[in-house]
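Please consult the sequence and the structure while reading.

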Amino acid sequence: MLRNISILFCRLWLDIIRGLVIYRLLRSFFSSTDDLLDFDFSASNALFSVASRLEKLYHGKAYVGLRIPDPDTGSRQHIDLAFVTKGKVSVVSVKNFADFISICKDGSWACRDESGYKKQSHPDPVAEAKKAASILESYLKRRGVALPVGNLPHLVVLPNPKFCSLNFLLSEYRPPPEVITYLKWAQLKPESKGMLSRWLKGAFCGAKKETQEPMHQQLSFVLGTAPMWDRLELNGDKYVLGEFLEFKGKEEDIQVLRNIRRSKIDRLIIQKTSIFGLGCYLSYESAAPLRLQVSYSPRDYRSEGASSSEWKELTVRSSTEILFQPADSRKVRKVKLSTVVSMTLSA
């Protein structure tokens with residue numbers, strides 16, 4: 001009898017200890033001091049979604065989040081994406097507007113936000129895209145790209161399914177073919193017929209065959225080395241453009257990460273070490289933080305990039321954080337490394 005009670009008592013304590021271990025692991029995994037919990041990812045996710053779809057539809061390369069120097073203002077012009085295909089480049093502006101209301105006298109657009117209640121005013125997106133295309137064209141010429149005669153094509157995509165095309169069509173404003181509403185965007189196919197597809201064909205189809213390859217190589221090199229925002233890819237297919245500032249965490253982890261500098265490193269990929277398929281790592285420490293494997297590639301300006309043999313690895317605690325300044329926010333955010341899938345650093 002006493003033996004049975006002792007066995008039950010031991011099992012009870014084992015269950016309690018096992019529960020505490022699992023609790024600490026889950027708390028370490030799910031708890032977060034991230035300042036990005038309240039961040040609105042809708043705009044950046046829409047941007048990367050459009051870039052991905054263009055690459056699939058027109059078999060080109062999208063350069064997202066460019067920051068092109070504007071000699072007239074001395075500042076940098078943000079460009080959502082430049083799309084290169086067969087020796088031709090086009091500028092694409094992505095506006096995640098939820099609902100269109102009207103065009104104001106100054107040319108700005110009055111739209112509702114995601115909630116559907118708050119009215120917001122936005123500068124004329126077509127004029128913005130045209131200006132961005134002009135600045136990019138000037139930059140490419142300064143870097144020796146022999147562009148064909150004529151302005152760079154520019155396009156405004158409205159990919160938000162909440163966008164009300166009816167109000168847009170009923171307004172006095174008749175958008176030029178550069179504006180692609182959600183309905184048109186959702187139905188877009190490479191072989192589509194009509195005025196819109198003809199315009200897109202002119203924008204995204206390549207230059208003459210004899211000039212395609214040299215021009216494509218030039219554009220790929222120049223845009224691949226152009227100033228652009230750093231990029232965070234987070235769990236749940238979330239993206240943030242901005243500027244990486246530094247790592248924060250235990251001194252020994254910071255020392256391990258000391259060689260991760262934008263002058264040397266191009267990209268990081270974060271993986272959780274796993275045991276028993278739980279996606280976690282157990283140690284003898286009572287706090288037992290998860291361990292993360294960080295793979296990073298050296299910066300390489302060759303078109304093919306760094307080879308797989310050049311990638312290096314290191315291991316740090318998951319409590320390590322990244323200080324990141326989002327492009328559309330004045331607030332510096334703390335991001336736990338355990339929530340990061342990858343980080344791309346600009347030169």
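Predicted model: local features only at pLDDT ≥ 70, side-chain atom pairs only at ≥ 80, totals over all residues.

The side chain of Lys141 forms a salt bridge with that of Glu137, with a distance of 3.4 Å from N to O. Glu137 is buried, because its relative accessible area is 10%, and buried means under 20%. The two residues, Lys141 and Glu137, are 4 residues apart in helix H3 (residues 125–142), which means that about one helical turn separates them.

## The helix as a whole

The length of H3 can be checked against expectation. Several residues of H3 are buried, among them Pro125, Val126, Ala129, Leu136 and Leu140. Glu137, the salt-bridge partner of Lys141, also belongs to the buried residues of H3.

Both ends of the helix deserve attention. Asp124 caps the N-terminal end of H3, where one of its side-chain oxygens lies 3.0 Å from the backbone nitrogen of Val126. Just after H3, Gly144 adopts a positive phi of about 90°.

## Further salt bridges

How many salt bridges does the count give? The count comes to 7 salt bridges. One of them joins Lys248 and Glu246, whose closest N and O atoms are 3.7 Å apart. Lys248 is partly exposed at 38% relative accessibility, and Glu246 is likewise partly exposed, with a relative accessible area of 35%. Elsewhere, Glu252, Asp253 and Arg317 are linked in a network of salt bridges.

Another salt bridge is formed by Asp266 and Arg299, with 3.6 Å between the closest N and O atoms. Asp266 lies in strand S11 (residues 265–272), whereas Arg299 lies in the loop between strand S12 (291–298) and strand S13 (312–317), so this pair ties together parts that are 33 residues apart in sequence. Asp266 is partly exposed, with a relative accessible area of 27%, while Arg299 is buried, with a value of 18%.

## Strands S11, S12 and S13

Strand S12 pairs with both S11 and S13. S11 and S12 run antiparallel and are joined by 7 bridges; S12 and S13 also pair in the antiparallel sense, over 6 bridges. Gln293 in S12 stands opposite Gln271, and Gln293 also stands opposite Thr315 in S13.

Is S12 largely enclosed or largely open? Of the 8 residues of S12, 6 are buried, so this strand is largely enclosed by the rest of the structure.

## An open sheet and a helix packed on it

A separate description applies to an open sheet of 5 strands, which has the order S1-S2-S3-S7-S8 and mixed pairing. Strand S1 (61–70) and strand S8 (179–180) stand at its edges; each has a single partner strand, so one side of each is left without a neighbour in the sheet. Helix H2 (residues 42–58) packs on the sheet and touches S1, strand S2 (75–85), strand S3 (88–94) and S7. The direction of H2 makes about 30° with that of S2.

In S8, Val179 is the bridge partner of Val156.

## Selected individual residues

Phe163 is located in the loop between strand S7 (154–157) and helix H4 (165–170). Phe163 counts as buried because its relative accessibility is 5%, and buried means under 20%. Phe163 and Thr181 are 18 residues apart in sequence, and their C-alpha atoms are 7.8 Å apart in space.

Ser338 is found in the loop between strand S15 (333–336) and strand S16 (340–344). Ser338 is buried, with a relative accessible area of 4%. Leaving aside residues up to four places away in sequence, Ser338 touches Asn235, Lys272, Leu292 and Ser318. Ile103, in strand S4 (residues 99–103), is partly exposed, with a relative accessible area of 27%. Ile103 and His122 are 19 residues apart in sequence, with a C-alpha to C-alpha distance of 9.7 Å.

Notes. Residues numbered from 1 in each chain as written. Heavy atoms only, no water. Salt bridge = Lys/Arg side-chain N within 4 Å of Asp/Glu carboxyl O. Buried < 20%, exposed > 50% of the residue type's maximum accessible area, 1.4 Å probe, protein only. Contact = heavy atoms within 4.5 Å. Pairing = 2+ DSSP bridges. Polar contact = N/O pair within 3.5 Å; in protein donor to acceptor, adjacent residues only side chain to side chain. Axes fitted to C-alpha atoms, helices over the stretch in contact; angles between N-to-C directions.
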